[in-house]
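Visitor: Please take a close look at one helix in this model and at what surrounds it. I would also like to hear about the charged pairs.

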Amino acid sequence: MRLFFDVFTQQTPSYDFHGRYFGRQEDAAEMAELIAADLGYSEDNDWVGSQVQVRNVAGEMLFAVPVLAAAA
């Protein structure tokens, strides 16, 4: 299944126009968690408080992962 990983901040969304293919939704959840963790380590913390929203090809949101500040 092809899934898209959009990042939504309070200001503006960043859409994933390419998507990625996954055999299992659990693998997509792991990818969303990795993206959120990576964004949480940004130096300026601009991404903290945003969400990685996983959508299917129909545009339906399957789940979202919050971007949290990385522990120091």
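Guide: The model is a predicted one, and it holds 2 salt bridges. One of them joins the side chains of Asp-6 and Arg-55, with 3.3 Å from N to O. Asp-6 belongs to strand E1 (residues 2–8) and Arg-55 to strand E4 (residues 51–55), so this pair ties together parts that are 49 residues apart in sequence. Asp-6 has a relative accessibility of 4% and counts as buried. Arg-55, at 18%, counts as buried too, because the cut-off for buried is under 20% relative accessible area.

The other pair is Arg-24 and Asp-27, whose closest N and O atoms are 2.9 Å apart. Arg-24 is partly exposed, at a relative accessible area of 45%. Asp-27 is also partly exposed, with 27% relative accessibility.

Now to the helix itself. H1 covers residues 25–40, which is 16 residues. From the first C-alpha to the last, H1 reaches 23 Å, close to the 22 Å expected at 1.5 Å a residue.

The buried residues of H1 are Ala-28, Ala-32, Ala-36, Leu-39 and Gly-40. On the face of H1 turned away from the buried side are the exposed residues Leu-34 and Asp-38.

What covers the buried residues of H1? The cover includes E1, E4 and strand E5 (61–66). Two of these strands have already come up: E1 holds Asp-6 and E4 holds Arg-55.

One of the buried residues deserves a separate look. Gly-40 lies in H1 and counts as buried at 2% relative accessibility. Setting aside neighbours within four places in sequence, Gly-40 is in contact with Asn-45, Val-67, Leu-68, Ala-69 and Ala-70. Gly-40 and Ala-71 are 31 residues apart in sequence, and their C-alpha atoms are 9.0 Å apart in space.

To put the helix together: H1 has a buried face that includes Ala-28 and Gly-40, covered by parts that include E1, E4 and E5, while Leu-34 and Asp-38 are exposed on the face turned away from the buried side.

Conventions
Residues are numbered from 1 along each chain as its sequence is written. This is a predicted model: local features need pLDDT of at least 70, side-chain atom pairs count only at pLDDT 80 or more; totals for chains, interfaces and linings use all residues. Side-chain values use heavy atoms; hydrogens and water are left out. A salt bridge is a side-chain nitrogen of Lys or Arg within 4 Å of a carboxyl oxygen of Asp or Glu. Helices (H or I, at least four residues) and strands (E, at least two) are DSSP runs, numbered from the N terminus. Buried means under 20% relative accessible area, exposed over 50%, partly exposed in between (1.4 Å probe, protein chains only). The expected span of a helix is 1.5 Å times one less than its number of residues. Contact means heavy atoms within 4.5 Å.
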